[in-house]
Amino acid sequence: MYGQLAIELLRELQRSDANTLPPYNEDKVRLVVRETNQLYEATRTTITEHMQAEAQSVVRPEVAGCLLVYHAALLRNKRCLLAYFKERMARLQHLRWQIGASTLPETTLANLSAHEKTYFRSYGSLLSDYQRRVDNEHVDLNLSASLQPPKQHFIEVRCLEQLGDVVLPASGTSVVLDKDSQHLLLRADVEQLIRQGSLQHIPNKH
């Protein structure tokens, strides 16, 4: 059945968590592209054969029906592929804002195609360049900061991985972040590390 593979690609995304990116299914994408090319060739061949066989310009109903099926299936494959790529690009953009850094965890990188890795780097570079221009104009605006106003300026965090000596971006102070250690730090200093999964926020029980 025409279009079945393309639908399966979209279902893979639909079944996955919207905040994650499942592995890029290169094999299935290639099969959909191949089927689309075959539909185009079938359409072209059908038109050519009809024009050679028929002296008049009237298209027989069975030929017209065949062409409509080919064309509709071709367009459906195209729309499904574009939707697949667009959704993955949107999730990459979301991850860039969520993590607040130009690097992704290795587990996520392994799920990307070569073109998606290039896109993520380019998108991150655009944001970084804009942030630098904002900084040069002496505007106190951090694009990666949370949009929700903080309830506390200092929060308690637990270090989930060995980070060593780290210079905190907002305060400029240096702190040693050893794995499993806990610290009371300025929220602006640790927001990005929390989003990256390096630190865990310990909620205030009071």
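Which side chain meets that of Lys28 in a salt bridge? The side chain of Glu8 does so, with an N to O distance of 3.0 Å. A salt bridge here is a side-chain nitrogen of Lys or Arg within 4 Å of a carboxyl oxygen of Asp or Glu.

The model is predicted, so local features need pLDDT of at least 70 and side-chain atom pairs count only at pLDDT 80 or more, whereas totals for chains, interfaces and linings use all residues. Residues are numbered from 1 along each chain as its sequence is written, and side-chain values use heavy atoms, with hydrogens and water left out.

## Salt bridges

| Pair | N to O distance |
|---|---|
| Lys28 and Glu8 | 3.0 Å |
| Glu26 and Arg30 | 2.9 Å |
| Glu116 and Arg88 | 2.5 Å |

The pair Lys28 and Glu8 links distant parts of the chain, 20 residues apart: Lys28 belongs to helix α2 (residues 26–53) and Glu8 to helix α1 (residues 4–15). Helices (H or I, at least four residues) and strands (E, at least two) are DSSP runs, numbered from the N terminus. Lys28 is buried, at a relative accessible area of 16%, while Glu8 is partly exposed at 27%. Buried denotes under 20% relative accessible area, exposed over 50%, and partly exposed the range in between (1.4 Å probe, protein chains only).

Glu26 and Arg30 both lie in helix α2, 4 residues apart, and are therefore separated by about one helical turn. Glu26 is partly exposed, with a relative accessible area of 40%, and Arg30 is exposed, with 53%.

The side chains of Glu116 and Arg88 also meet in a salt bridge. Because Glu116 is in helix α5 (residues 114–136) and Arg88 in helix α3 (residues 61–99), this pair ties together parts that are 28 residues apart in sequence. Both Glu116 and Arg88 are buried. Elsewhere, salt bridges with shared partners join Glu8, Glu12 and Lys28 into one network.

## Nonpolar cores

A nonpolar core is a set of buried Ala, Val, Leu, Ile, Met, Phe, Trp, Tyr and Cys residues joined through side-chain atoms within 4.5 Å. The largest such core has 11 residues, including Ile155, Cys159, Leu168, Val175 and Leu193. Two or more residues come from each of β1 (154–159), β3 (174–177) and α6 (187–196), and β1 gives the most, with 3 residues. Beyond its neighbours within four places in sequence, Leu168 is in contact with Thr173, Val175, Leu185 and Asp189, contact being heavy atoms within 4.5 Å. Another core, of 8 residues, lies apart from the largest one and includes Leu13, Val29, Val32 and Tyr84.
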